[in-house]
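Subject: Structure handover

Hello,

Here is the structure you were waiting for. My notes on it follow below.

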Amino acid sequence: MVHSVLLFLVLTLTAVSAQQHQYDDPSITATMEKFSGYAINEPHSFQLTSLSVDAQALQNKIDELAAFSDSPSPSVTRVLFTDKDVLGRKYVKTQMELAGLSVREDAVGNIFGRWEGLEPELAAVATGSHIDAIPYSGKYDGVVGVLGAIEAIRVLKRSGFKPRRSLEVISFTSEEPTRFGIGCLGSRLLSGSEDLANALKTTTDIQNISFLDAARSAGYGKNGDDLSSVFLKKGTYSAFIELHIEQGPILEDEGISIGIVTAIAAPASLKVEFEGNGGHAGAVLMPNRNDAGLAASELALAVERHVLESGSIDTVGTVGILELHPGAINSIPSKSHLEIDTRDIDEERRNKVVEKIHQSAIKITKTRGVKLSDFRVINQDPPALSDEAVIKAVEIATKELNLTSKLMISRAYHDSLFMARLSPMGMIFIPCYKGYSHKPEEFASIQDMSNGVKVLALTLAKLSSQLHLLK
């Protein structure tokens, strides 16, 4: 009797052991996962209570990075490939290394920090943003999405999480168009823009320094002028998710912790120039004037009119630059230069506004006797929609963390706009003080940043553990 019981126990334990070991067999596991669509050995077996953000350390790092600036505190100025930009890059790379990430850079200075997953052959999940800053701006725009992403990796490591897909943090080169007039330069190239790669060979800044020379001075682009080496293949990442301050007042006004972005509006940028006759401000009578300055002013008002006529709150237009020549108080402007930004989440509606602006410019030349010497569409990027599976992952993470959330669009454009060309994309917004951004008063609280990092960490864990994005 005893012998029979012992034999039964031995056979049972052997069977259980064999069943457990079959899940360790990669071929059997892969077959089961293929049919089920879910991971058998779930790598993110950690508790929500173990997601611990060192929010004060994150704030300290943001403050430290802000010190690399060409303008005094509290403002931040960190322009592409300047000395302060190079120092900021070194700081980010150090933080990546301290978090245990392997670091690499490409020919234009995009920085990648990688946490190798249990199945490195699978497409990685990426996150990140930028650290460059327009003159006299704040210290949170973009930076929260870079240093916050590194902190999210630390959070996952402290929790004991082991990623199935590799996780990668990206610090993109020149999201701001400050130096060379090209926004999202690094992510545009990653998405495979051959036009940009060719244009950068002859692009110069206001001091006539070429992009390639500036890149070399910062330690990049040393292996020739072929920037196509930066291009990534579609599918390099299984998903991309960006953490960012809202840059608007909605979340703060409504007392909501997390914004889940469903679409990113894209800009069409215009350059317009008028030429008139000019002349002495006192000697030329009003009926005889061909004032290029008034032509520019009239077009600026037309921009506002056409945007409002669109009938959508999501259509916006801005005349950000208006320059007059010769620029003397007692001289009628003989030349004027405008740079116009129009944005929408509806590409067709935005493009109709651009065409109306063009028609108004032509009409103004006839009524004011001036010449339209230039009307150029500098860029006309399509808007991007967030992927439903990424949105769902963020929504679930937010609910599991007991945080309030809101579906919303991003009226500012981000590197995510171009990463959407490579992989499923999504964005996480956190509140910022009065919606301020691109100014020294820009601010995000420690609590809001902590909430954002937790949501990002949990979303990364979910996306990393999926065999594919489930619609």
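**Helix H4 and its surroundings**

The buried residues of H4 (residues 83-98) pack against H3, strand E1 (76-78), strand E2 (102-105), strand E3 (111-115), helix H5 (143-159) and strand E6 (167-172). Helices (H or I, at least four residues) and strands (E, at least two) are DSSP runs, numbered from the N terminus. Contact, which is what packing and touching refer to here, means heavy atoms within 4.5 Å. Buried means under 20% relative accessible area, exposed over 50%, and partly exposed in between (1.4 Å probe, protein chains only).

Before the rest, a word on the source. This is a predicted model, in which local features need pLDDT of at least 70 and side-chain atom pairs count only at pLDDT 80 or more, while totals for chains, interfaces and linings use all residues. Residues are numbered from 1 along each chain as its sequence is written, and side-chain values use heavy atoms, with hydrogens and water left out.

The buried residues in H4 are Asp85, Val86, Gly88, Arg89, Tyr91, Val92, Lys93, Gln95 and Met96. The end C-alpha atoms of H4 are 23 Å apart, which agrees with the 22 Å that its 16 residues should span at 1.5 Å a residue; the expected span is 1.5 Å times one less than the number of residues. Glycine 100 follows H4 and has a positive phi, near 85°.

**Helix H3 and its two partners**

H3 (residues 55-66) packs with H4 at an angle of about 155°, with the axes 10 Å apart. That makes H3 roughly antiparallel to H4. On the H3 side, Lys61, Glu64 and Leu65 meet Gly88, Tyr91 and Gln95 of H4.

With H14 (446-465), the angle of H3 is about 105° and the axes are 9 Å apart. H3 is therefore roughly perpendicular to H14. Here Ala55, Gln56, Leu58, Gln59 and Ile62 of H3 meet Ile446, Met449, Ser450 and Val453 of H14.

For these values, axes are lines fitted to C-alpha atoms, for helices over the stretch in contact, and angles run from 0 to 180 degrees between N-to-C directions. Angles under 35 degrees count as roughly parallel, over 145 as roughly antiparallel, 65 to 115 as roughly perpendicular and the rest as oblique.

Asparagine 451 lies in H14 and counts as buried, at 10% relative accessibility. Leaving out residues up to four places away in sequence, asparagine 451 touches Ser257, Ile258 and Leu403. Its C-alpha atom is separated by 7.8 Å from that of isoleucine 258, 193 residues apart along the chain.

H14 is also among the elements that the buried residues of H12 (residues 388-400) pack against; the others are strand E7 (237-245), strand E8 (258-264), strand E16 (405-410) and E17. Those buried residues are Ala389, Val390, Ile391, Ala393, Val394, Ala397 and Thr398. The 13 residues of H12 should span 18 Å at 1.5 Å a residue, and its end C-alpha atoms are 18 Å apart, which agrees.

Aspartate 387 caps the N-terminal end of H12, with a side-chain oxygen 2.9 Å from the backbone nitrogen of alanine 389. A polar contact is a pair of N or O atoms within 3.5 Å; within protein, one must be able to donate a hydrogen and the other to accept it, and residues adjacent in sequence count only if both atoms are side-chain atoms. Just after H12, asparagine 402 has a positive phi of about 60°. Asparagine 402 sits in the loop between H12 and E16 and is exposed, with a relative accessible area of 72%.

**Other local points**

- Tyrosine 136, in strand E5 (residues 133-137), has a positive phi near 55° without being a glycine; at 52% relative accessibility it counts as exposed.
- The peptide bond from serine 73 to proline 74 is cis, with omega near 10°, and proline 74 lies in the loop between H3 and E1.
- A second residue pair, histidine 325 and proline 326, is also joined by a cis peptide bond, with omega about 10°.
- Serine 423 is in the loop between helix H13 (416-419) and strand E17 (425-430), and is buried at 6% relative accessibility.
- A search of the whole structure finds zero disulfides, a disulfide being a pair of cysteine sulfur atoms within 2.5 Å.

**Overall**

The protein has 14 helices and 17 strands, and buried residues make up 51% of its 471 residues.

Regards
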